[in-house]
Each structure stands twice: as structure tokens, then as C-alpha cells.
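Student: I would like to learn how to read a fold from a model. Please take me through it feature by feature.

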Amino acid sequence: MKFGVIVFPGSNCDHDAYHVISKHVGQPVDFIWHRETDLRSYDAVIIPGGFSYGDYLRAGALARFSPVMNSVKEFAARGNLVLGICNGFQILCEAGLLPGALIRNRGLHFICDYVNVRVESVDTPFTNELKSGSVLSMPIAHAEGNFVCDDATLDELRRENRIVFRYCERDGQVTDNANPNGSRDNIAGICNRERNVMGLMPHPERACEDLLGSSDGRDVFRSLAGTLAAAA
Amino acid sequence: MKAKVYVTLKPSVLDPQGKAIKHSVELLGYTAVSDIRQGKYFEIAIEGPLSATQAREEAVRLARDVLSNPIIEDFRVEIEE
């Protein structure tokens, strides 16, 4: 089981993701520079958070044109697992691997804080070890996390149970007050129709050690590793 | 030739930056201003033996594929010869 963490100019959570895979998942992991195109030796790829290309034009917009992204598309089309965190989620939306877009937070500010998210779907390779309806505490750190999509897309996401995480109160209630950035339907994370590509704004990789405030993110990586182990 | 591309958020998409500017403008006393939407403007120099129509097609393609995100934005292209 081998993981790859893609590194764009401006990625800054690449080392966090690498640390979690090597230390907590206990599996081999490589950094993959964005100019590389061969992903054949990997079982799962993580697109980490950060500010790829300085967020120029739109967050994630320029990273989509990096050579590695064509390979990521092929990698995903073959059914392999792709996890996009924060800027990684923005890149997956810009690349068309996930629907919708992430625009400026409704309050305009960059938000760096812990949020609660409710697990809406455990029917994904990234959440199958979690309990449906459980509440995870994870940090967010973004200025463009406001998920938007049209009505037809939202209907489709709901109907196909593809909303994976929603911002909620500590007790699990999904309220506008718990929505940090104005995301439609409090959406914090979604997956594609085939369920092998997931993007989310909160940082599970920064929530894997109690010392850092939360270890709730570990279950995401435990699910991922368990899925790969079962498939091997 | 020069192509001018204007990228704007779709009317249905909330523009928090435009709202913040509008709020400040109100405080300055611009009572007649009812709304402000913020967008992006690009000037693209185009070289080669292209007709204005071809230059426009090139700019439209660029605006659609790169400069705008069709999920949230519209664009408009002007060609200056």
C-alpha cells in the first residue's frame, strides 16, 4: 500500500499529510512533484492544502494545468483513491473531478479555527470506519471555502448520498450558525459519483494528535488504509 | 491586436467582496449606489496573422478554458484592433 502526496508550488500541508501517512497509517509515502506524471506505483493520492500558485486567478485554478493533474484524472478514472484537502478540494473542483466551486467566504475573512462536521455518508472509502451522524472536530484554514453549486447539482449530491461532511454544532445540529463560510447546505466535503474521489475543506491531517487539539481526523485515514488493505 | 476579457460572477452567485465595497461606499455617502459587483479584467495581446474574428475565437476559448470558471462566472470579450 503506497501513498503519494502531490506537491505544487505553494502547497503547505504536504508535510502534514506525509507525517500522518508515515506515522499514523504506518505506510510508505512519497512526495510527488507536480511535474511528474507517473502515478502507477501508488494506491492512493492526496492533494494537500496550501496556496498552489499563490491562489492566482482563482484558488486551485492554475494547479489544474500542472502536468500531474492529467495523471491524477487517469488515476481516478481507473478507480484509485484521491483525497483533496482544502486547496486540494479547490483543485479537484477546478479540474472537474468534483462538482461545484469554492468561492470567497461569506464573511470575507480568512478563517483559521476548529469546526464541527457531521458525518453524512459512511458509504465512501474515506469514511467507512466512521459512524454515520457522528461529529468530528477538525481545523479549517481558508478564505475560499464557500461551496456553491446549482440546484440540479445539489439535488444530485443529496440523492446519491455524496455529501460526506456538513458543518454542524457540537451536538450535530446542522445550523446556519455552525456554517463558517456560507457553504451551500453547510457542505464541508463531497465525493464523486464513483465515490473514489473526495474533497473536503477541513483538515483531517491536522487533527490526528490530541496534542494538536483533536485526533478525530485519524478515522478518515484509518478508513482509507482499511479500504486499501481490503482491496489488496 | 488586443483582447479585453471581463469575468464577472454570475448574478446568482453571492459576491461578498462586492458587498463589502458597497457597504464602505454607503458610509461615504454614495446614496444612489444600489449594488456593486466585483469582477476581473484581462488584457491579452494577440500576435500573428489573425483576423478579428479569429482573435475573438482565440480569446473566447481562453476565457472559457482558463480565465473563468463556468460554474460561477460569466465572461465578455472585446477585440481592439
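Student: In what order do the strands of the open sheet in chain A lie?

Tutor: This is a predicted model. A sheet is read across its strands, by pairing. Here nine strands form an open sheet in chain A, in the order E2-E1-E3-E4-E11-E10-E9-E6-E7, and the pairing is mixed.

Student: Which are the edge strands?

Tutor: An edge strand pairs on one side only; in chain A these are strand E2 (29-33) and strand E7 (135-142). From one strand to the next, the twist averages 25°.

Student: In which sense do E1 and E2 of chain A pair?

Tutor: Strand E1 (residues 3-7) and E2 of chain A are parallel, with five bridges between them. One residue pair to look up is A:Gly4 with its bridge partner A:Asp30 in E2(A).

Student: How many helices and strands does chain A have?

Tutor: There are five helices and 11 strands in chain A.

Student: Why is chain A said to agree with a compact globule?

Tutor: Compare its radius of gyration with the value for its length. A compact globule of 232 residues would have a radius near 17 Å, and chain A agrees because its own is 16 Å. Along the principal axes, its C-alpha atoms fill a box of roughly 45 × 35 × 35 Å. Buried residues make up 56% of the 232.

Student: What share of the contacts joins residues 24 or more positions apart?

Tutor: Among contacts in chain A with a separation of 6 or more, that share is 76%.

Student: How many residues of chain A are in contact with chain B?

Tutor: On chain A there are 12, and they meet eight residues of chain B. The chain A side has five nonpolar, three polar and four charged residues.

Methods
Residues are numbered from 1 along each chain as its sequence is written. Chains are lettered from A and ligands numbered from 1 in the order in which they are written. This is a predicted model: local features need pLDDT of at least 70, side-chain atom pairs count only at pLDDT 80 or more; totals for chains, interfaces and linings use all residues. Helices (H or I, at least four residues) and strands (E, at least two) are DSSP runs, numbered from the N terminus. The radius of gyration is taken over C-alpha atoms; the globule rule is 2.2 Å times the number of residues to the power 0.38. A residue is buried if 20 or more other C-beta atoms lie within 10 Å of its own, exposed if 12 or fewer, and partly exposed in between; C-beta atoms are placed from the backbone. Two residues are in contact if their C-beta atoms, placed from the backbone, lie within 7 Å. Ala, Val, Leu, Ile, Met, Phe, Trp, Tyr, Cys and Pro count as nonpolar, Asp, Glu, Lys and Arg as charged, and the others, Gly among them, as polar. Two strands pair if DSSP finds at least two bridges between them. Axes are lines fitted to C-alpha atoms, for helices over the stretch in contact, and angles run from 0 to 180 degrees between N-to-C directions.
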